[in-house]
Amino acid sequence: MELTAFEKLVRLNRSCRGYDESRKVTREELLRMVDCARLTASSVNLQPLKYYLACDGETVGRIQPLTGWARNLPQLKLPHEGMCPTAFIVICQDRDVSDSLARFQKDVGIAAQTILLAAVEMGLGGCMIGNFEAGKIRDALELPENLAPLLIVAIGKPAEKIVIKEIAPDEPTPYYRDADGVHYVPKRRLEDIIING
């Protein structure tokens with residue numbers, strides 16, 4: 001069966017940890033991504049999320065060292081030198097709208113995935129980054145106290161090979177890289193995740 005355009009988009013949307021730094025991401029492109037995210041579902045439609053857009057070199061350079069990448073590959077320093085993203089979107093929750101950070105985690109996931117799908121459709125890619133200290137990001141970006149950074153989305157033009165590998169139920173799921181730097185992402189088979197046959 002031939003894949004639909006959406007199915008192809010989902011398969012292309014991988015967590016990228018290496019980028020072509022010569023391809024700059026524009027503010028207009030980031031605005032288009034966030035515009036898609038703002039139209040998605042929000043719990044009780046409160047819409048507490050706000051977005052900090054960074055695509056200038058100076059601001060991107062302040063965010064990058066405050067992020068941790070590829071926790072499953074502690075032996076590697078990723079992204080490699082010269083392969084960093086050229087933009088970030090910092091997803092924040094406005095505590096003046098709601099102070100319950102846990103309640104809107106699903107909103108954050110929906111928004112981030114929508115941003116990444118929009119990025120892929122533009123010929124870009126990205127990675128959701130949860131490994132950061134919110135206070136350090138708030139200070140680096142001089143965010144007001146009511147904005148709580150919840151997730152950082154790196155954006156850029158992918159410059160690495162990522163392969164999806166279907167696995168049997170007893171195989172491990174952590175991603176890994178081979179000697180050539182090809183990034184493998186194990187995924188459980190469809191038949192192994194359907195509960196009712």
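Start by selecting helix 5, residues 134–141, in this predicted model. Its buried residues are Ile137, Arg138, Ala140 and Leu141. They span an arc of only 165° around the axis, so they sit on the same side of helix 5. Now show what covers them: the cover includes strand 1, helix 3 (57–63), strand 2 (87–94) and strand 4 (147–156). Before you leave, step just past the end of helix 5 to Glu142, which has a positive phi of about 55°.

Next, let's visit some salt bridges; the structure holds nine. Pick Asp94 and Lys50, whose closest N and O atoms are 2.8 Å apart. Asp94 belongs to strand 2 and Lys50 to strand 1, so this pair ties together parts that are 44 residues apart in sequence. Are the two partners buried or exposed? Asp94 is buried, at 7% relative accessibility, while Lys50 is partly exposed at 36%.

Now try Glu160 and Arg177, another salt bridge, with the closest N and O atoms 2.7 Å apart. Glu160 is in the loop between strand 4 and strand 5 (162–167) and Arg177 is in strand 6, so the pair links parts 17 residues apart in sequence. Both residues are buried.

For a last stop, go to the surface and select Val44, Leu46 and Val97, a nonpolar patch with about 230 Å² of accessible area together. Val44 sits in the loop between helix 2 (27–38) and strand 1, and it is exposed, at 58% relative accessible area.

Conventions
Residues numbered from 1 in each chain as written. Predicted model: local features only at pLDDT ≥ 70, side-chain atom pairs only at ≥ 80, totals over all residues. Heavy atoms only, no water. Patch = residues over 30% accessible without salt bridge, like charges linked within 9 Å, V, L, I, M, F, W, Y side chains within 5 Å. Areas by Shrake-Rupley, 256 points an atom, 1.4 Å probe, with all protein chains shown as cover. Salt bridge = Lys/Arg side-chain N within 4 Å of Asp/Glu carboxyl O. Helix = DSSP H or I, 4+ residues; strand = E, 2+ residues; numbered from the N terminus. Buried < 20%, exposed > 50% of the residue type's maximum accessible area, 1.4 Å probe, protein only. Arc of directions from axis to C-beta. Contact = heavy atoms within 4.5 Å.
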